[in-house]
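Please walk me through this structure stop by stop. I have it open in a viewer and want to know what to select next.

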Protein chains: 2
Amino acid sequence: MSYDLLLEHLKKTTALGQVSGILGWDQETKMPTKGGVQRAEHMGALEGVLHGRRSDPRVAEWIDAIDVDALDAAGKANVREALRAYSTAVKVPADLAEALAKHAARSQGIWAKARAAQSVSDFAPTLKEMINLKRQEAAARQEGNTSLYDTLMDDYEPGMKTSEMSDLLGELRTGLVDLRGRISESGKVMPKLSGNFSKENQMALAHELPAIFGYDWEAGRMDLAVHPFCSGNGGDVRLTTRVDLENPFDCIYSTIHETGHGMYEQSIPNADSLAPAYSYASMGVHESQSRMMENQIGRSRAFAEHLFPMFQKHFGDIGVETPDDFHKAVNRVRSSYIRTESDEVHYNLHIMMRFDIERALIEGELEVDDLEAAWNERFEADFGVAVDTPANGVLQDVHWSVGLFGYFPTYSLGNLYAGELFAKMQSDIRGLDGMIARAELDAPLEWLHRNVHDHGRMKAPGQLIEDAVGHKASAAALLGYLNAKFGEIYDV
Amino acid sequence: MSYDLLLEHLKKTTALGQVSGILGWDQETKMPTKGGVQRAEHMGALEGVLHGRRSDPRVAEWIDAIDVDALDAAGKANVREALRAYSTAVKVPADLAEALAKHAARSQGIWAKARAAQSVSDFAPTLKEMINLKRQEAAARQEGNTSLYDTLMDDYEPGMKTSEMSDLLGELRTGLVDLRGRISESGKVMPKLSGNFSKENQMALAHELPAIFGYDWEAGRMDLAVHPFCSGNGGDVRLTTRVDLENPFDCIYSTIHETGHGMYEQSIPNADSLAPAYSYASMGVHESQSRMMENQIGRSRAFAEHLFPMFQKHFGDIGVETPDDFHKAVNRVRSSYIRTESDEVHYNLHIMMRFDIERALIEGELEVDDLEAAWNERFEADFGVAVDTPANGVLQDVHWSVGLFGYFPTYSLGNLYAGELFAKMQSDIRGLDGMIARAELDAPLEWLHRNVHDHGRMKAPGQLIEDAVGHKASAAALLGYLNAKFGEIYDV
């Protein structure tokens, strides 16, 4: 009885949370410029409602009255998630929660304008206020010997701590710096596409991709956004992508990446029941699905057999003549200003930099006034080139403008998880390369359903990966994959 | 103090109501097919929240503590609207309110499919349940000697009663039947467009229209929908239109019509304050703005001077040679199955039919099983032709599927109000015809701002029109306009 009441309450809260997601999608893809002021009020009011529901004293009463041991796995997960949300919500004052939601809604537009105007100072006051609010939130929620940053990271990767994340990223960093050095010393330059990549042709090709990766168009759609993302759940999961006329890979791999996220959301069983047990496991696990589709599959030599003729069909002459050269063009390694455009060798160096910087901002070790200098200094040290403009530097990502602190490291964690899952999938599925070359992904998708999607949020994310691959996740699988792949391409 | 608390509460409720509007827009324009189940949960959960806020006991306490006489006009309107919403909400049980919202979200998709499949029986069970729920709602809210239908109509036209509406429509009906008879007896047939009206060219023309009628594109956008509508407020007011390849007037006049609604919403001062005083006066007044733009201005001989060359520019040869013939083609009078495509002479006959039928459904005098027969019989009697398919008959309108009973008559009321307002505007603004011919509508828009938009919801709708034109609204002005216009075109 208490459980039924709790579940009914949770489902309505989930529904209202999804409404917030739809508003977010709309804001990024459809909302007119002058709608920002009202939209901030919409998000604030909705956040107030969500906060009230999560901190409803009846939630604690219901949970107290439930015999958790008698529940099935989904039931246990529902109670655990309710308690998690309740504990968080009762610690954060309602006015702070609402202020955060309203500020995020406003701040995003200010960031977009500042980025277009190449003006860090236009964004600085807004960012200061965001950090101030996030620090207040973290301080209110902080428990035991966890740091402010730990507290925020827990929203995206439940249970993850700064120390564990630092260890995993440190292991990865050592391997990446070594690989990057060898590639750089080789002096080799990979082929580059050249041709006419019109927006229409890029989007036509992009629309042919999601179905290959298991995406159901009747339960989704695709639009353009400045910063591609995937939004929604179950029967309504929306992709976004973007078009760079000079570089079609941006559109194509953004599309495959977001499709990986979307396929995960569409694949979770009972997603339309709105019960918390039937949602994604963590942002790290989410990212493992998008990155595996994008990289381990989408950027593989095997998939080049399928993707190269698709490029020829849509763009005609693209300046490379064979699947082999196409694969090399896809996997050119070079320092890039932009995280989302960077290759697999540099990508995680981008993340580590953001991880260190945002931790310092949240822990009060770095001020916004010193942020641009800190960014540019670190970038030059890690990437060997100086940042040329703020849009190519500290203003490039949307995350901080909407209050996503503690989110960046889940990208690298997702890469680690993708490395682990793909290695196991390779050993479990005979003939995987051939399937990928023919773009017949039923077997790998079925493997992912069984080992990842079907479990929803019922296991802790680290446990989910451990159960899937048979050992605790480390950087070894990802490094093994990267060394083999780029070792072959660059002959190093 | 109590007033400030009340106002803060009202603003958040308005914000959440606008969220529901955005979800509605999304559902009609962007939502994937399989999103319907979750969307029903979203709408239901949101309606539950809105109902809880409107019936919050603190609202009554705050209102009791306010010295209303000391408030300004906006303050008085805010308190009046709060009390109105509170009184309604406390009478409707929360589970009924939520059931209605969920049923409406589901029912709309079922209607759309039934319409496409030409199957009344596919929609009948859903409609029965909707009428059952609306009757329950009306019975719960019914007061004194008002009818169930009065109660529902009050949502759209505050204070309007069935008897008053019947009198106004009856006066209009007499005049229309007479005019229609004379036109029919004349045996004259007006010119008809012919040409190639591609979707792209129709949409290109459609996008040039809203700005003429005062619409601000930075505070809006336009999309396609099965049933065109306008949605949103203040800085985010969205238009929809549709394309019929055979008949470009459908797209063009739907666009102008929805622009009239949109321009009204964009013009209300302080709309982004979210205070109820700064919202539209009633659905009848809303419709007066759309219909005046569409008909009194958009279908005038003067505007043909501007619109005819626009048609030539976008479509080349359109089969008529002069603005005069174009004006006649725009104003062809003929029986049409579809309300939204019908001419100014027949339009209100469509409405009167729906008014009588839906009143009978709500009052329990007509069953859903007998609805199609009743519709077809009445249509043949009023329009002189037999309904050929359900999509051209009882399944044509979205309204009943989403629970809009009592809404239809506000369309005719809007036409009446448009007739009154335009007659007064003509006598107030010298050279109005010339302005319309040049598509320079600053002066009429300013007149509407001053006499209608600036007052928001601060006056009762009937009073608003009476103050604007100097007498109580009747059908006389509209009939005078129609007799003059069609008398000249048909020489009757």
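Select β2 (230-233) and β3 (236-241) of chain A: the two strands run antiparallel and are joined by 4 bridges. The model is predicted. Zoom in on Asn233(A), and you find Asp236(A) of β3(A) opposite. Together β2(A) and β3(A) make a hairpin, with 2 residues between the strands. Pick Gly234(A) in that turn; its phi is positive, at about 55°.

**The other partner of β3(A)**

β1(A) and β3(A) run parallel, with 5 bridges between them. Arg221(A) has Arg238(A) as its bridge partner in β3(A). Leu224(A) has Thr241(A) as its partner in β3(A).

Now view the three strands as one sheet. The sheet is open, its order is β1-β3-β2, and the pairing is mixed. Which strands of chain A stand at the edges? They are β1 and β2 of chain A; each has a single partner strand, so one side of each lacks a neighbour in the sheet. From one strand to the next, the twist averages 15°.

**How enclosed is β3(A)?**

How many of its 6 residues are buried? The count is 6 of the 6, so β3(A) is largely enclosed by the rest of the structure. Colour the two faces separately. One side carries Asp236(A), Arg238(A) and Thr240(A), and the other carries Val237(A), Leu239(A) and Thr241(A). Both faces are covered, and these residues are all buried.

Next, show helix α10 (residues 248-267) of chain A. α10(A) lies across β1, β2 and β3 of chain A. Its direction makes an angle of about 165° with β3(A).

**Two domains in chain A**

Colour residues 2-141 as domain 1 and residues 147-492 as domain 2. The C-alpha centres of these two domains of chain A are 25 Å apart.

Select the contact between them. Domain 1 of chain A brings 37 residues, and domain 2 of chain A brings 34 residues. On the domain 1 side, α1, α4 (73-91), α5 (94-116) and α6 (120-141) of chain A each supply at least two residues. Which helix gives the most to that side? It is α6(A), with 12 residues. Colour the domain 1 side by class, and you get 20 nonpolar, 9 polar and 8 charged residues.

**Where the chains meet**

Bring chain B into view. The contact between the chains takes 32 residues from chain A and 31 residues from chain B. On the chain A side, α1 (2-29), α2 (36-54) and β1 (220-224) each supply at least two residues. By class, this side of chain A has 13 nonpolar, 10 polar and 9 charged residues.

The same surface serves both copies, as 97% of the contact residues of chain A recur in chain B.

**The sheet of chain B**

Stay in chain B and select its strands. Here is an open sheet of 3 strands in the order β1-β3-β2, with mixed pairing. β1 (220-224) and β2 (230-233) of chain B are the edge strands, each pairing on one side only. On average, neighbouring strands are turned by 15° against each other, direction ignored. β2(B) and β3(B) run antiparallel, joined by 4 bridges. α10(B) lies across β1, β2 and β3 of chain B, at about 165° to β3(B).

**Last stop: two backbone angles**

Most residues other than glycine have a negative phi. Two residues of chain B are worth a look here.

Select Leu274(B), in the loop between α10 (248-267) and α11 (283-297) of chain B. Leu274(B) is not a glycine, yet its phi is positive, about 70°. Is Leu274(B) buried or exposed? Leu274(B) is buried, with 26 other C-beta atoms within 10 Å.

Then go to Ala439(B), in the loop between α17 (432-437) and α18 (442-451) of chain B. Phi of Ala439(B) is also positive, near 55°. Ala439(B) is partly exposed, as 18 other C-beta atoms lie within 10 Å.

Technical notes:
Residues numbered from 1 in each chain as written. Chains lettered and ligands numbered in written order. Predicted model: local features only at pLDDT ≥ 70, side-chain atom pairs only at ≥ 80, totals over all residues. Contact = placed C-beta atoms within 7 Å. Nonpolar A, V, L, I, M, F, W, Y, C, P; charged D, E, K, R; others polar. Buried ≥ 20, exposed ≤ 12 C-beta atoms within 10 Å, placed from the backbone. Domains from an automatic or database assignment. Pairing = 2+ DSSP bridges. Axes fitted to C-alpha atoms, helices over the stretch in contact; angles between N-to-C directions.
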